[in-house]
Number of protein chains: 2
Amino acid sequence: MAQSKYLTGDSQAINDFIDRFDVFLFDCDGVLWSGDHVFKGVVETLEFLRAKGKKTIFVTNNSTKSRSQYLEKFAALGIPSVTEEIFGSAYSSAIYISKILKLSPPKNKVFVLGEAGIENELRTENVPFIGGTDPSFRRDITPEDFKGIADGSLLDPDVGCVLAGLDFHINYLKLSHAYQYLRRGAVFLATNTDSTFPMNHNFFPGAGSVSFPLVNMTGERPVALGKPSQAMMDAIEGKFQLDRGRTCMVGDRLDTDIRFGIEGRLGGTLAVQTGVNKKADWEAEGAVAVPAFYVDKLSDLLAAA
Amino acid sequence: MAQSKYLTGDSQAINDFIDRFDVFLFDCDGVLWSGDHVFKGVVETLEFLRAKGKKTIFVTNNSTKSRSQYLEKFAALGIPSVTEEIFGSAYSSAIYISKILKLSPPKNKVFVLGEAGIENELRTENVPFIGGTDPSFRRDITPEDFKGIADGSLLDPDVGCVLAGLDFHINYLKLSHAYQYLRRGAVFLATNTDSTFPMNHNFFPGAGSVSFPLVNMTGERPVALGKPSQAMMDAIEGKFQLDRGRTCMVGDRLDTDIRFGIEGRLGGTLAVQTGVNKKADWEAEGAVAVPAFYVDKLSDLLAAA
């Protein structure tokens, strides 16, 4: 089994660790903050790394916000950042659709299960879409819907892709539409497949759970564009032209963050214990992923100074 | 591999078949009707069997209707029946909760994902419940909900069971409540786990798909009270005091109806080809279940007369 090196309190080890990397990819929730509470010393740690010439990139699976909406959250929490540093699964999905999937018109529309974040990023990439936050889909299903969905008269023949993200307004009508598009051959994508969504120090249904009825109905799993999918890593590498061997993934979850870094063959992974997983999890038999380094909290890196 | 006997057009074989049984369990959709269209000869076939002294029982996984609501459907379609002949998964679930689960008060409330059919049957069995068709759960989730669900202040401490059926009004708020009850130890039941729901000659999300987000979040599968669950067969046997060896299950689906009859060690199973599965399905390698007998359509049994 791989061994993790504990850095907290060891200035020399922290210095060596920081020197190994040019780029740090940060998960946000559980690393920088929990909900609306920024962890102590996080702003100083980011500034410290930037002052040493390190590139900081924020990688989040939360698809409900676009990069610009995320930037507002960073600002509200007092964390200096710029849009170019933020990489979310909504953006990752939009990039994948426009640059890799490249659906041919007219069958190039995306049926969206999700919130405004996805719509904003699809617009940025000029990808046509329906569904999403459209109020005409935020209602109960009617007998006319059943009929028109079943015979196809209420379906848009131009839909060639279903993109499922976290949708706080999921309902039977949207699931019925999405299922018919998949039956008719639409490509099945998911912004991410997190089963749960952390909120208010508890868990709520995540993007992967909201879209799971479609997996159960079709027997097909979507191509996921969030961590730990390497489609997201490829997109990050393409955008930032980073050297994987000089890049470190920092996160709190073994099954998304740490696995993402390991499978992406990054130079290193750093686990923080301010979120979902703790030391006991990666020391356990059959751990899904083992970080190369770990600290109690992100700001422990300041001890290098 | 087991062999199926084809009865259509063979009067002697049909006579022998009918003589083997005292009780016929019928699936409804795909056997008696498709949507609101009753198949030709179905009424005459049922009358023919009853005239021969056979008991007819209708076994349906559709939990959206109670037995009395189902009886109205039978009447509207011109099929003579009585409540006592009808056995639905909502009723099966209510019986299971009141007679087998027997939750001790005060922690004996059921959180319902589903429609009025479930509520009606729970009321018949004097089982207290919340959720279901209550308008206060048929709305968008709010920041106050996130807070109150997370800290438990909006949860009912008396809920000891989550019952998931087909819910045309499924939403994020209901899924969030249901998940928290399961996290707190509530028993997880499903009226049935059909992945799809046939409607208007097409398919829509079934009860098993609507509740699948909870399976994905908890990693736990519910105890299912519909076909092919033997909990339903036990309930039918208990209610009708039938002799399994003299009972035949008639249905169109291998994975629910035919499997239900075989695993229930009934005297026989009869497949009709007016619904989901056809001869090629049970003759295929690795078929989920093989019926003992099959006909083209239910009314082919009239050739015995």
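User: In this predicted model, how much area do domain 1 of chain A and domain 2 of chain A bury between them?
Analyst: Of the area buried between domain 1 of chain A and domain 2 of chain A, 45% is on carbon and sulfur atoms. The area that the two domains of chain A bury between them is about 580 Å².

User: What distance separates the centres of domain 1 and domain 2 of chain A?
Analyst: Domain 1 of chain A is made of residues 5–61 together with 228–304, while domain 2 covers 103–224. Taken over C-alpha atoms, the centres of these two domains are separated by 32 Å.

User: How many salt bridges does the rule find across the interface of chain A and chain B?
Analyst: Over all chains, the structure holds 36 salt bridges. Across the interface of chain A and chain B, however, the number found by the rule is zero.

User: Which residues touch the most other members of the largest nonpolar core?
Analyst: The largest nonpolar core has 64 residues. For A:F111, the residues touched, not counting those up to four places away in sequence, include A:I130, A:F137, A:V159, A:C161 and A:Y181. Within the core, the residues that touch the most other members are A:F111, A:Y172, B:F111 and B:Y172.

User: Which parts of the chain does the salt bridge between A:E115 and A:R138 tie together?
Analyst: The closest N and O atoms of A:E115 and A:R138 are 3.2 Å apart, inside the 4 Å limit for a salt bridge. A:E115 is buried at 9% relative accessible area, whereas A:R138 is partly exposed at 32%. The two residues are 23 apart in sequence, so the pair ties together the loop between β7 and α5 of chain A and the loop between β8 and α6 of chain A.

User: Which residues of helix α5 of chain A are buried?
Analyst: Helix α5 of chain A spans residues 116–124. The elements covering its buried residues include α3, α4, β7, β8 and β9 of chain A. After the helix comes A:N126, with a positive phi near 60 degrees. The buried residues of α5 are A:G117, A:I118, A:E119, A:E121 and A:L122.

User: In which helix do B:E263 and B:R259 both lie?
Analyst: The side chains of B:E263 and B:R259 meet in a salt bridge, at 3.0 Å from N to O. B:E263 is partly exposed at 41% relative accessibility, and B:R259 is partly exposed at 30%. They are four residues apart, about one turn, in chain B helix α11.

User: Which helix of chain A holds both A:K147 and A:D151?
Analyst: A:K147 and A:D151 form a salt bridge of 3.6 Å, N to O. A:D151 is partly exposed, at 44% relative accessible area. An α-helix has 3.6 residues a turn, so residues three or four places apart point the same way. A:K147 and A:D151 are four residues apart in helix α6.

User: Is A:P228 buried or exposed?
Analyst: A:P228 lies in the loop between β13 and α10 of chain A. The residues A:P228 touches, not counting those up to four places away in sequence, are A:D255, A:T256, A:R259, A:F260 and A:E263. A relative accessible area of 15% falls under the 20% limit, so A:P228 is buried.

Definitions and conventions
Residues numbered from 1 in each chain as written. Chains lettered and ligands numbered in written order. Predicted model: local features only at pLDDT ≥ 70, side-chain atom pairs only at ≥ 80, totals over all residues. Heavy atoms only, no water. Core = buried A, V, L, I, M, F, W, Y, C linked by side-chain atoms within 4.5 Å. Buried < 20%, exposed > 50% of the residue type's maximum accessible area, 1.4 Å probe, protein only. Contact = heavy atoms within 4.5 Å. Domains from an automatic or database assignment. Buried area = accessible area lost by both parts, 1.4 Å probe.
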